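I opened this entry to look up side-chain contacts, ring pairs and charge pairs among them. My notes follow the model.

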Amino acid sequence: MNVLKKLIAFHVAFFLVFVSGDIAGAQNEIKLPNPKITGKVSLETAMLRKKSVRGFSSSALTMEEVSQLLWAANGNLPMDAVSGATSKVIPSAGGLYALEIFAVTGAETVSGLPAAVYRYKPESNSLITVNPGDNRSLLARAALNQMWMASAPVVIVIGADFNRMTVKYGNRGLQYVFIESGASTQNIYLQSEALGLKVGSVGAFQDSYVTGALKLPTDISPLMLIPVGK
Ligand SMILES: Cc1cc2nc3c(=O)[nH]c(=O)nc-3n(C[C@H](O)[C@H](O)[C@H](O)COP(=O)(O)O)c2cc1C
């Protein structure tokens, strides 16, 4: 009888710790449409059109557009069938991939997506809610009051976990993270042009204010804010 009780207790504990955790995780996860790997604008034309703007219309973005932008920022490529290795749309020293991408949205600024700060989950091309509500004005204030960026339907935040790189490369890893962030920034610019969207860059901000405003995880340093709109 004791053995039976222990067995039931184990199964209940297993359910509470793992299965219910998964259910909660799944509920919190918003699957994005699959990214497209073909487009109507050539790479050369996108480079030619590349331009930073500082104002946006009030038109909302679609989930397809947001998915495409986030995939361009740090998306996963299909796993290598032979080695099982994963890689991304951006290069990374030692394949360590230090970047974490966040999307900051307002109410209905992305059709069908509640206002929140989201973390992009590349392995499932999905979003996890980090902090509900519209935090774009707080973010703009943290960026030396560059209030124009609060009109962007989405602000993409490129953040990094420096430790992932420095644990292998020491201080040299710091510049590797900045280089990775630059590759991600340019990908977002080119993807925006290819989708006919407008894009800007904001590097002038106080790190701790951005982290506080968005409630970013403490191991993530914000590196670049990229407002995108129409
Ligand atoms: C690292 C970096 C930080 C930047 N920070 C800001 C910023 O805080 N505010 C802003 O309005 N533009 C910012 N920019 C945009 C530049 O001003 C812009 O890229 C430059 O004027 C060239 O214009 P273009 O991108 O249209 O060619 C930044 C660009 C980079 C690469």
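**Salt bridges and rings**

I looked up Arg119 and found this residue partly exposed, at a relative accessible area of 26% (buried is under 20%, exposed over 50%, partly exposed in between, with a 1.4 Å probe and protein chains only). I note that this is a predicted model, where local features need pLDDT of at least 70, side-chain atom pairs count only at pLDDT 80 or more, and totals for chains, interfaces and linings use all residues. Residues are numbered from 1 along each chain as its sequence is written, and side-chain values use heavy atoms, with hydrogens and water left out.

I then checked the partner: Arg119 and Glu100 meet in a salt bridge at 3.4 Å, N to O (a side-chain nitrogen of Lys or Arg within 4 Å of a carboxyl oxygen of Asp or Glu). Glu100 lies in strand S2 (residues 99–105) and Arg119 in strand S3 (residues 116–121), so the pair ties together parts 19 residues apart in sequence (helices, H or I, of at least four residues and strands, E, of at least two are DSSP runs, numbered from the N terminus). Glu100 is buried at 13%. I traced a network of salt bridges that links Glu100, Arg119, Asp161 and Arg164.

A search of the whole structure gave me six salt bridges. One of them joins Lys230 to Glu65, with the closest N and O atoms 3.4 Å apart. Since Lys230 is in the segment after strand S7 (221–229) and Glu65 in helix H3 (residues 63–74), this pair ties together parts 165 residues apart in sequence. Lys230 is partly exposed at 28%, while Glu65 is buried at 14%. I also logged Asp134 with Arg136, at 2.8 Å between the closest N and O atoms; Asp134 is partly exposed at 42% and Arg136 buried at 12%.

Next I turned to the rings. How many aromatic pairs are there? I count two (ring centres of Phe, Tyr or Trp, by its six-membered ring, within 6.5 Å; planes under 30 degrees apart are stacked, over 60 edge-to-face, the rest tilted). Phe162 is buried at 16%; Phe178 is partly exposed at 48%. Tyr169 and Tyr176 are edge-to-face as well, with centres 5.0 Å apart and planes at 80 degrees.

Last, I found Lys88 over the face of Tyr97, 5.7 Å from the ring centre (NZ of Lys or CZ of Arg within 6 Å of the centre and within 35 degrees of the ring normal).
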